[in-house]
Amino acid sequence: MFDVKKVSIEWGGETLTLETGKVARQADGAVMATLGETVVLCAVTAAKSVKEGQDFFPLTVHYQEKYSAAGRIPGGFFKRERGATEKETLVSRLIDRPIRPLFPEGFYNEINAIAQVLSYDGHNEPDILAMVAASAALTISGVPFMGPIGAARVGYLDGEYILNPTDEQVAEGDLDLVVAATHDAVMMVESEANELSEEIMLGAVLFAHDACREVVKAIIKLAEQAAKEPWEIASSDDNAAIKDKLKKLIGKDIAAAYKLTDKSARSNALNEARAKAKEQFAADGLSPQEVMAGIKLTKKLEAEIVRTAILKDGKRIDGRTTTQIRPIVAETHFLPRAHGSALFTRGETQTIATCTLGTKEAEQMIDGLNGLSYQNFMLHYNFPPYSVGEVGRFGAPGRREVGHGKLAWRALHPVLPKKEDFPYTIRLTSDITESNGSSSMASVCGGSLAMMDAGVPIARPVSGIAMGLILEGQDFAILSDILGDEDHLGDMDFKVAGTSEGITTMQMDIKIAGITKEIFEKALAQAKEGRAHILGEMNKALGEVRSELSAHAPRIETITIDKSKIRDVIGTGGKVIREIVATTGAKVDIDDEGTIKIASSDTAQIEAAKAWILGIVEEAEVGKIYNGKVVNLVDFGAFVNFMGGKDGLVHVSEIKNERVEKVADVLSEGQEVKVKVLEIDPRGKVRLSMRVVDQETGEELEDTRPAREPREPRGDRGPRRDGGDRGDRGRGGRDRGPRRDGGDRGPRRERSEDGPEDQGHVPDFLKD
């Protein structure tokens, strides 16, 4: 029934298996990829025809994690998988970015690639496996895909590169890098690093490329057994005549437009040239297909003019050299009430970055295959349409915004202080207000300054830069700080962020079939120079972290108590801790180890909550004076709450030195008093006194009441009424006199603490 084809290789210490022919057989291509006990199914389907009027390539990638893969049921109210999580969105982009450039120009058939995690073993991450499965499914589907690609994750621990490291190895190491590549060239790079050098990062990319080649070979072996017949693609007409006509008609207009340094003016001039071409097409009576071809040829003409100027003359759209950075203006404390803020402007790209500090309860809860986890650092990137002078959708973040935000997150995460040293939840927001060039790298720069302005003790400031590439044959030019148009018309988008000590993140996407080691090496070196320049401009705004937190930020004080006292602080059903929070106004968080974090922007509230908690856990000390509150009145005295949750009794005789007839005449519930601990009995009951404490100053007073005469010992009770000697009250050894029948009673048996050793004879009728 099944025509199963399978290929297996040893890869990174595990067995990688690619299988097709058993599952999802109606898809154009379907592959189950297995690594260890992690299994991902990717199914690819493609439309057999192009929709009318379609002028772009509609590739859609969906990655989904099934909770059943890890033996879990989704948390929350809805017990089924719902909209894409942040991780699913990021992995979908991770698959899309390297495969999209490998489809031929002019191929506009709609394609779906759906990758689903079916089994997860806890240490082989499914994202890399999903990339491999998608590449294999496309390769055997018959669609015109110029792959395959391989994918690999690389870690760096103790000076050694690790292929497909576990989560623990990534956490302990200094690198988490993902690479996708064909057999000949690298297609995509995504990474987070702990300030590593350019040499180490380049070595990691090359190490990953070697691992990708092994996967590519395995996919080719599978395709040799199971690939479907390749689709026949109609060769597109070169439309040389239309192209020549366009060049004569608007070539000079386009060249003049790209000499305008202002984005708005340049955009208007280009739109006028395009409109001029459309009018001519209409006048010539061209068909809709010919008009569409003409529009595309207009874009090609623009790219040709711009790329030629850069390669031959070294002149860019805005007149800069290939290494020149646009003017930078940075300003901190831009918003008065934000905990930290910065306005960062680089040319026509601008962001308002804000930093907000919160307590543990503000952490983000993440429900994933590994179970519940909590994240105390968030970076949210927002890209409203007005930032590019357009109208459009404004609402929940799309895939692009999620991806750009995560890139900036990776750049800043390595320099954050340890949670134990800075127990705050940190939220950065980057609101892009202008965009012409890399807004994600502007978010890195603005976010770094905003955290420094808030007083977050980051290790070092972080700057970021976007690099571009123009490649024609053997000639190439690397561009620093690319514009939006240079990104669209160029061959590479290469972003690098880091500190003065090294790289913290690196991301690369290319639009051609890979780049060489020479280009990669030069791009890294040029990016390093650019990052250093940007850091210098940032330091003019704020050279070091502010020594104090913002006056509006919460303060957090940490104390540790004995685990046995946790229930006393929380109280039955949380009654005590809720009362502390409601009364003092401070936020109180306690963990299972007895670590308590008290937070408030008012230090008085922190001190009040701290004193309350310490009062609960502190042991009362005989002879010590405490502040207390009357909580209950009784006929024989008053119960006073002192040391937080402890109560003690002030007997009516200990209220005043003079006689008190009625307790209610002297005290009332809720009254604040000062008491001295007189005695703590073995059962923990506390006897208090007010009369020996000055109720105004809290100082101890001399006890003027005459001391009671000690009672006479009860052992020797004097002569009996009949004049005889009572003797010792104790019973052991006493001569009890003659029995009634005249016999001798004998001495009583001595009793030990554990009871008599010999109970004597017991009559049989008593034994039952």
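**Figure 1. The largest cavity.** The largest cavity has a volume of about 70 Å³. This is a predicted model: local features need pLDDT of at least 70, side-chain atom pairs count only at pLDDT 80 or more, and totals for chains, interfaces and linings use all residues. Residues are numbered from 1 along each chain as its sequence is written, and side-chain values use heavy atoms, with hydrogens and water left out. A cavity here is a set of points, on a 1 Å grid over the protein atoms alone, where a 1.4 Å probe fits but cannot get out. Points are joined across faces, edges and corners, and a volume is the space filled by probe spheres set on them. Rolling a probe the size of a water molecule over the atoms shows where empty space is left. The structure holds 3 cavities of 30 Å³ or more. Lining residues have an atom within 4 Å of a point. For the largest cavity they are Leu35, His123, Asn124, Glu125, Ile128, Arg153, Asn164 and Pro165. This lining divides into 3 nonpolar, 3 polar and 2 charged residues. Ala, Val, Leu, Ile, Met, Phe, Trp, Tyr, Cys and Pro count as nonpolar, Asp, Glu, Lys and Arg as charged, and the others, Gly among them, as polar.

**Figure 2. The whole chain.** The chain has 15 helices and 29 strands. Both are DSSP runs numbered from the N terminus: helices are H or I with at least four residues, strands E with at least two. Of the 768 residues, 46% are buried. Buried means under 20% relative accessible area, exposed over 50%, and partly exposed in between (1.4 Å probe, protein chains only). The accessible surface comes to about 40200 Å², and 48% of it belongs to carbon and sulfur atoms. Areas come from the Shrake-Rupley method with a 1.4 Å probe; for residues, only the protein chains shown count as cover. Among contacts (heavy atoms within 4.5 Å) with a separation of 6 or more, 67% join residues 24 or more positions apart.

Figure 3. Most residues other than glycine have a negative phi, and most peptide bonds are trans. Asn164 has a positive phi, near 50°. Asn164 sits in the loop between β8 (160-163) and α3 (167-172) and also lines the largest cavity. With a relative accessible area of 16%, Asn164 is buried. Glu195 has a positive phi too, about 55°. Its place is the loop between β10 (186-193) and α4 (198-226). Glu195 counts as buried because its relative accessible area is 18%. Gly147 and Pro148 are joined by a cis peptide bond, with omega about 5°. Pro148 belongs to the loop between α2 (126-141) and β7 (150-157).

**Figure 4. Ala273 in helix α6.** Ala273 is part of helix α6 (residues 263-283). Why is Ala273 counted as buried? Because its relative accessibility is 3%. Beyond residues up to four places away in sequence, Ala273 touches Ile250, Asp253 and Ile254. Asp253 is 20 residues from Ala273 along the chain, and their C-alpha atoms are separated by 6.2 Å.

**Figure 5. Asn376 between two strands.** Asn376 occupies the loop between β15 (371-375) and β16 (377-382). Its side chain reaches the backbone oxygen of Tyr424 at 3.4 Å. Not counting residues up to four places away in sequence, Asn376 touches Glu363, Lys419, Tyr424, Thr425 and Ile426.

**Figure 6. Gln64 in strand β5.** Strand β5 (residues 59-65) holds Gln64. Gln64 is partly exposed, at 22% relative accessible area. The side chains of Gln64 and Lys66 make a polar contact of 3.3 Å. A polar contact is a pair of N or O atoms within 3.5 Å; within protein, one must be able to donate a hydrogen and the other to accept it, and residues adjacent in sequence count only if both atoms are side-chain atoms. Outside four places in sequence, Gln64 is in contact with Glu81, Glu88, Ala115, Gln116 and Val117. Asp127 is 63 residues from Gln64 in sequence and 10.0 Å away in space, C-alpha to C-alpha.

Figure 7. Asp174 lies in the loop between α3 and β9 (175-181). Its relative accessibility is 31%, so Asp174 counts as partly exposed. Leaving aside neighbours within four places in sequence, Asp174 is in contact with Tyr156, Glu192, Ala193, Asn194 and Leu196. Asp174 and Leu196 are 22 residues apart in sequence, with 7.6 Å between their C-alpha atoms.

Key: On a 1 Å grid over the protein atoms alone, a cavity is a set of points where a 1.4 Å probe fits but cannot get out, and a pocket is an open set with protein on both sides within 12 Å along at least five of seven lines; lining residues have an atom within 4 Å of a point.
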